Amino acid sequence: MSDGAQQTTTLGYAPGKVILFGEHAVVDGQPAIAATLDRGIRVAVSRSGVNDGPILRSTNASLPPRCRPDPGGEGPERLRAALRVVVDLCGPHTRQLQFSVDGAIPPGAGLGSSAALAVALLRGVHQWQGEPIDDETLIERAFAVEKVFHGNPSGVDHTTIVRGGVLAYEKPRGAAIGTATSLILPRRLRLAIGVAGPHAGTATAVAALRERARNHPEHYARIFHGVGALARAARLHLEKGELGAVGELMDLNQGYLNALGVSTPGIEALCAIARERGALGAKLSGAGGGGAVIALVDDDPEPVRRAFAAAGYTAFTTTLDSGRVTATSAASEEP
Ligand code: PMV
């Protein structure tokens, strides 16, 4: 460590993300398209005054108010294990730190809250150490933390969150790391996002799907290939600004996700509301079994957001522009 002790407080930030195409199939080596959100997780890093931490404190409802890595200590085991990985990666002096976390990503919604926490923590600690971290190392380290939360993640979440913008991501089966390409979009993507309640967890959803796939491997493989083909086609339409076609492909992707058993009545209801209100297309984002639905609109996402909210769902809007998020839209109901 270069002497981080000089620093009083440093900040790490990481945005949440949506998956526009390809969740689950990406675990099977197919391409996916994902983008960062204009909201995320902030971690303030400072000295705790004791050396048996790090202590994580949170004002975010998705996290316990206080957590320490010690086995059997405060906080859920996965979060404590994630903190232990941060100590292993960043060095024993990390034990004297405290992390104050806040942010506005709804938990367990497929919006990247755990990957954003991992990236924001690592950014904050590296800032505190006065040691800049390059994207490749950050991706590698965030992957180690993500594994604690998600078992065997494809890497799409934390890679997108580190790189930012709109990305095509692919990790061929057996490959150690994935490859990501930033996309430049000629048109803004305006989304309304509704949350169909928390999901049961990415690791659980991925494992349950693998189990179902074991009974009919060739049929599931065809669906994964079909989803991959949609992601490839969507990339071309996105790069040409053909949003009507992108929306149609989102609806098709949602059909596959339903066939894979990761949709729910709440997700289908949100998709139906979005389409009735004129969305170009709608689908779940992330692991499914609950969580976020993203609806692409041609112009103003507000009517779809209002319809989501009127039906009782947490809802907000976002705009993705030319490979990076540029506009922060108002959320009538902060998640
Ligand atoms: O963690 P979530 O809900 O954003 O889901 C991540 C996407 C999956 O494809 C379901 C899992 C993975 O590792 O890619």
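**Salt bridges and overall form**

Modeller: D251 and R275 form a salt bridge, with their closest N and O atoms 2.8 Å apart. This is a predicted model.

Colleague: Which helices hold D251 and R275?

Modeller: The two residues are 24 apart in sequence, so the pair ties together separate parts. D251 lies in helix 7 (residues 243-259), and R275 lies in helix 8 (residues 265-276).

Colleague: Is D28 buried or exposed?

Modeller: D28 forms a salt bridge with R210, the closest N and O atoms being 3.4 Å apart. Buried means under 20% relative accessible area. D28 has a relative accessible area of 14%, so D28 is buried.

Colleague: How many residues apart in sequence are the parts tied together by D28 and R210?

Modeller: D28 lies in the loop between strand 1 (9-21) and strand 2 (32-47). R210 lies in helix 5 (residues 202-215), so the pair ties together parts that are 182 residues apart in sequence.

Colleague: Which strand holds D102, the partner of R42?

Modeller: D102 forms a salt bridge with R42, and their closest N and O atoms are 2.6 Å apart. R42 lies in strand 2, and D102 lies in strand 5 (residues 97-103).

Colleague: What is the radius of gyration of the protein?

Modeller: The protein has nine helices and 12 strands. For 335 residues the globule rule gives 20 Å, and the protein comes close to that, so it is as compact as a globular protein of that length. Its radius of gyration is 19 Å.

Terms used. Residues are numbered from 1 along each chain as its sequence is written. This is a predicted model: local features need pLDDT of at least 70, side-chain atom pairs count only at pLDDT 80 or more; totals for chains, interfaces and linings use all residues. Side-chain values use heavy atoms; hydrogens and water are left out. Helices (H or I, at least four residues) and strands (E, at least two) are DSSP runs, numbered from the N terminus. The radius of gyration is taken over C-alpha atoms; the globule rule is 2.2 Å times the number of residues to the power 0.38. A salt bridge is a side-chain nitrogen of Lys or Arg within 4 Å of a carboxyl oxygen of Asp or Glu. Buried means under 20% relative accessible area, exposed over 50%, partly exposed in between (1.4 Å probe, protein chains only).
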